[in-house]
Amino acid sequence: MKVTEHIKNGNGKTQFSFEILPPLKGENIHSIFENIDPLMEFQPPYINVTYHREEYVFKELKNGLIEKKIVRKRPGTVGICAAIQNKYDVDAVPHILCGGFTKEETENFLIDLQFLGIDNVMALRGDAVKSETYFTPNKNGHKYACDLVSQINSMNKGQYLDDELQHTFPTDFCVGVAGYPEKHMEAPSSESDIHFLKKKIKNGAGYIVTQMFFDNEKYFKFVEKCRAEGIIVPIIPGLKPIAVKSHLNLIPHRFKVDLPDALVMEVVKAKDNKAVRQIGIDWCVKQSKELVKAGVPFLHYYSMGKSSNIKEIASQVF
């Protein structure tokens, strides 16, 4: 079932969903199940699975030369999605990126998903690889998420890259896209960011999931701006609890989001990471309850592969 259909079937009730990472190469898929199992009591209609593109690793050889290797540390997105749908009978939503894909590879990826009965995708540009300052698309790949959305929407109309194909079968993907309450880190302004978000919706996206935020007013103002610009699709808030003191520096640096002073001061005063974890849970519970009261369609949690704090939050909210 499509995410938009789950929202409609919710009849205004806030539902629970979360995102997981594929395990590191060499690890067992049961590590994923161990983190999903405790959250199934909250009846998530869908689970997001991230996609991780290649990285460049430079290895010094015995002769002193440097060898450039391409590695993918977290493969398995499609297989995990298939396993989730088979094991839990819930919808899996794989992320699909511009980065690391040509348009033909994108098309083939989507065909595989269709054959597996996966009806939803999260279309993202993706980050630059670590060796790049700015995002660089693959040759014959997409530069922007709005173009990726367009390709998916074209396939939904039965239009493939090879226009000589006959009797093509249309796909039927529900497409989610990312929104940024505090704007994308590369956007010159909030207004331009929403302009391009609107383009993604115009090109066929059916709903928005936001980047994490720690001040609900940022989300409410973002929704207000979107509605003023004619964006009427559901906007799902994304949440992540603070878990360790290092998050005070890591999260603003990595995700370009602000942390409220009240939260920062609590974490700074905490005697250890066990105390920080509880502060993060309490703060996220407070955020979640306010968002439920506001009538959001879903609360979407970024678990980062660990479910114990998400379970504690969900048990107080759902």
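I started with Tyr51, which is buried at a relative accessible area of 16% (buried is under 20%, exposed over 50%, partly exposed in between, with a 1.4 Å probe and protein chains only). A note on the source: this is a predicted model, where local features need pLDDT of at least 70 and side-chain atom pairs count only at pLDDT 80 or more, while totals for chains, interfaces and linings use all residues. Residues are numbered from 1 along each chain as its sequence is written, and side-chain values use heavy atoms, leaving out hydrogens and water.

Next I looked up aromatic pairs and found 11 in the whole structure (ring centres of Phe, Tyr and the six-membered ring of Trp within 6.5 Å; planes under 30 degrees apart are stacked, over 60 edge-to-face, the rest tilted). Tyr51 and Phe101 have ring centres 5.2 Å apart and planes at 50°, so I logged the pair as tilted. This pair links distant parts of the chain, 50 residues apart: Tyr51 is in the loop between β2 (46-49) and β3 (55-60), and Phe101 in the loop between β5 (91-97) and α4 (103-115) (helices are DSSP runs of H or I, at least four residues, and strands of E, at least two, numbered from the N terminus). Which is Phe101, buried or exposed? I found Phe101 buried, with a relative accessible area of 5%.

I also noted one aromatic cluster, formed by Phe16, Phe18, Phe42, Tyr301 and Phe318.

Last, I checked Lys87, which lies over the face of Tyr88 at 5.5 Å from the ring centre (NZ of Lys or CZ of Arg within 6 Å of the ring centre and within 35 degrees of the ring normal).
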